[in-house]
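Hi everyone, thanks for coming along. Please take a look at the model on the screen, and then I'll walk you through a few parts of it.

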Amino acid sequence: MRVTGWSGCLAATGLLLAGCAGGPGGGGGKISDDKVVLAVLNDQSGIYSATSGKETIEAVRMAVADYQAKYGDKVAAKEIVVMAADHQNKPEIANSKAQELYDRQQADVILDVPTSSAALAVATVAKNKKKVFIDVGAASTELEGKSCNKYTFHYSYNSYMLAHGTGTEVTKDGAKNWYIVYPDYAFGQDMEKTFSAAIKAAGGTVIQSDPTPFPNDNFATFLLKASNLDPKPQVLGTMQAGGDLVNLVKQYNEYKLRDKGVGLAIGLLALSDIHSLGPDALAGTRYTDSWYWNTDDKSRAWADKFQAKTGKRPTANQAGNYSAALQYLEAVQRGGTDASDEVVKQLEGYKFEDMFARNGTVRAQDHLLLHDAYLAEVKPAGEVKEPYDYVKILKTIPAAEAFQPQPDPACKL
Amino acid sequence: MLQQAFNGLVGGAFYALLALGLAVIFGMLGVVNLAHGAFYMLGAFGAFVALDSFGLSFWVALVLVPPLLGLAGVVLERLFIRRLTPLDPLYGFLFTFGLALILQDLVKREYGVSSQPYPRPAELSGTVDLGLFTYPAYQVFVLAVSVLVCVVVWVVLTRTRVGMIVRAATERPELTRALGIDVGRWVTPVFGFGVALAAFAGVLAAPMRAVNPLMGADLIITVFAVVVIGGLGSVFGSVAAGFAVGLVSALGNLYVPALSQTMVFILMAAVLLWRPAGLFGQQEAFR
Amino acid sequence: MIMSRLARAGRGGPLLLALGLFAALVLPWMIYPPVALDIACWALFAAAVDLLLGFTGLLSFGHAAFWGGSAYCTGLIALHTGLPFPVAIVGGAAFAALLALPIGFLSVRLSGIYFAMVTLAFAQMTYFVANQWRDVTGGENGLQGIPRELFGLDLSDSFSFYYAGLPFVLVGLFVAWRIVRSPFGRVLVSIRANPDRARALGYPVDRYRLLAFVLSAALSGMAGGVFAMGHGFASLEGVYWTTSGQAVMMVILGGIGTLWGGAIGAALVVQLQDFLATAGFAETGIITGSIFIVVVLLFRRGIWGTARHLLASRRKAAAPGEVAAEPRKSVDTPA
């Protein structure tokens, strides 16, 4: 076991150094080991790398720079380190890495973790280690439900926000009869439940709701069925995401369902999906988004800065990470310390407004960030004026309506 | 109902093309090509690159991409796979597994994980009246072309000398060698041909499916099940099973959606229980 | 030839055994404890896969079903009954063995490469079931918050849990070693070498294969159970086919048919994965794929096998004897 011995020595040295530097709680300063360490733990290679990935690290660095610029000499956190780890979409790696980041890299907060299973695993670590974890963009509502804990916060969006917004708004707009298809796994099942409930509450009817295989590349069965249902649905609501969504929409267009009077509404749509399909394939499709880069001057200004650094337009998740990092640092500033309990106290119930979160509140009961969401519609290619300018915002869904109105009773912080 | 059955056959066409390539490669080389899904993915990306970087239409890509990737397959066979064929087939399996990982991630590195845009060819964007119902033209085209390719391959295999050698080597490898037929000469071209078939399926898939680095990874396991159902080492069996599995999954989606993901594997288990060598396999030869 | 190879592995035994045991005991001092436990679990998993591949000649590409299936079962027992964690792990291993019965029954009807394809397909089916059946498995969210209960002992620290989990791994490895050296194991090896002859000698080949398959699954299940306990959750990743691939990779890296080689493979692969997580190089498949290719093309004996080969050839120079053979083309493959 030569190799393990060799790297073991390295690790042991690391431990020794950590000991010398004085672990958390040790030393006289209010900032543990005199620096604040922000760790971005996310998927840099798998399916989530398109919406979060490496560019997220840049977004967090931007937040650090903005924080330092804002407070100048008065910064509570003199030294701020941003580090990153790739959990490769494997919850096991996320779990081990999170422990290591908190224990050995002195991470004070872990950010991102967009994969639900990994996010839930990291939440447990945060709870055990009593360290802050701000999840951005995992869809599962369990993070603020039965798996919630004192040190975990949930940012950006969840399946409730996605499904409730679109289901309610599109039904209110006159599309009363729905046919829903959803991928048969946790995310799809959650979406379907919330979506159907929202449609019913808004006065619509779900004619039928079908689970589909996941992953799947042939949706023809369901598309053929859609136009033959009785009564004929006005909208096809699809909860597919990523590659499956692209498959479905390509085939939706092939079967010309729009011409047959069956519109399309989508649970989770990313700009990269619109880019893959071309805006015309989706023109008129509505969906709910937690943020869009070209909504107003404030978001646009930030998006320009982001593009200057990464060459890309930011996704909602990347913007969410910027905001999460910034609000974490602001909390450290207000409390004057990076001690977890104090930061949590500063964040709970905090109301704020930044480039990402409008009318933002960190709900004290379940640590879910409430903020305005948006009903978006894909523009036809003719109206697209610049790259990635694919949608227009039809409506702002106020923070109070966008998320679960009541905290899940299963959540006990 | 008829429409649904038709749709199943279109889905089955992809299984059939992939299973056919897999079967002839296995027959000639004794290698189960786990990278077959990756070649399918490369075919789709080939079509995308042809359009995106060189402005070449779908039709040009359909003619150009498969032979090019087939050629890459020939090089691969000459350089590496040749060394593995005299060994236990599991080494070929493991080699192609590694190869699949590399190909997938190389493409990921270049193009990212999100799907790439690829439009339908304008000539086929309409619908066709098939008498009983109308159907998207592109899907009809996919089915027709796949059936045509399978028939052509069948004719070549049964009516030409080369074909007979390949088929004999595929279905009765030891006997063929014992008869003193020089099989070795045909190994490389057959591997290239199998790869080209996968690439062909990939190009066909580009306009109707998501073009991303992972598109072949899960598909290949289903195709394995198809090959097992059809009959190990049976060329005809793999094609027939391809269409049959397509048909069954489409109807399964319709009537028992809860089972639709596992349908193919249940089918495989049933076939294994009933006829271990598959529907068209030779029972005694594959123990 | 193989017999004497096994015998020789026993002869150099005591020293190597002590060395291995020592390495296992000091591991969490040298590397980060959760990673150390991962290595231990994967080492047992790899040994279980090698039991089948190296000693029975069956390449299973579907062992994720047993590793991951047991992880779920272990987790469910611990979550819902509150029984001490060792009971949960044993329960998980038993479940894996039970699951292996029908899968094995159908799969051992085929041999060689078809066996690999069929086991892969069955594992994929297990994955789909786990993904869809979220009431039980938690679906893609995973089965979270598995408690580690042992008569009120505090095992929340990963360092102390390493020593709580290690005995299972050691017992598992011991069982694997006993199986290989038992008369049963010798029959397996002879089946691997020539199934027709074994059949002619009156051995019910399929039944032996099935039993080996079930035993291997039970050991994989034990490893998966400890792994789930160590992480405090069971996830879909555990039943996904890449997990099977990873175990096979550890075996070929360490050396097929060496049983202990898998531990070295496990240590290397887990460490590599841990390193890649912060290396900033996202395309891990390029690296793992290259390892596969290099080992398969140039290094088929694996690390342990090569070391043993070198040792044997030096010994041969002194006293002529047999040399550890490169895994040959097994006769039972349909080619």
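In what order do the elements of chain B run from the N terminus on? They go α-α-α-α-β-β-α-α-α-α-α-α-α, where helices (H or I, at least four residues) and strands (E, at least two) are DSSP runs numbered from the N terminus. That gives chain B eleven helices and two strands.

A word on the ground rules. This is a predicted model, in which local features need pLDDT of at least 70 and side-chain atom pairs count only at pLDDT 80 or more, while totals for chains, interfaces and linings use all residues. Residues are numbered from 1 along each chain as its sequence is written, and chains are lettered from A and ligands numbered from 1 in the order in which they are written.

Let's stay with chain B. Its C-alpha trace spans about 55 × 45 × 35 Å along the principal axes. The radius of gyration of chain B is 19 Å, which agrees with the value near 19 Å for a compact globule of 287 residues; it is taken over C-alpha atoms, and the globule rule is 2.2 Å times the number of residues to the power 0.38. Of those 287 residues, 60% count as buried, meaning that 20 or more other C-beta atoms, placed from the backbone, lie within 10 Å of the residue's own.

Now to its neighbour. In chain B, 40 residues are in contact with 39 residues of chain C, contact being C-beta atoms, placed from the backbone, within 7 Å. On the chain B side, α4(B) gives the most, with 16 residues. That side divides into 30 nonpolar, five polar and five charged residues; here Ala, Val, Leu, Ile, Met, Phe, Trp, Tyr, Cys and Pro count as nonpolar, Asp, Glu, Lys and Arg as charged, and the others, Gly among them, as polar.

Over in chain C, helix α6 (residues 112-132) is mostly covered, with 20 of its 21 residues buried.

Finally, chain A. Strands β1 (residues 35-42) and β3 (residues 109-112) of chain A run parallel, joined by four bridges; strands pair if DSSP finds at least two bridges between them. Val40(A) has Leu111(A) as its bridge partner in β3(A). On to strand β4 (residues 132-136) of chain A: β3(A) pairs with β4(A) in the parallel sense, again over four bridges, and Asp112(A) is partnered by Asp135(A).

Notes:
Contact = placed C-beta atoms within 7 Å. Expected span 1.5 Å × (residues − 1). Buried ≥ 20, exposed ≤ 12 C-beta atoms within 10 Å, placed from the backbone.
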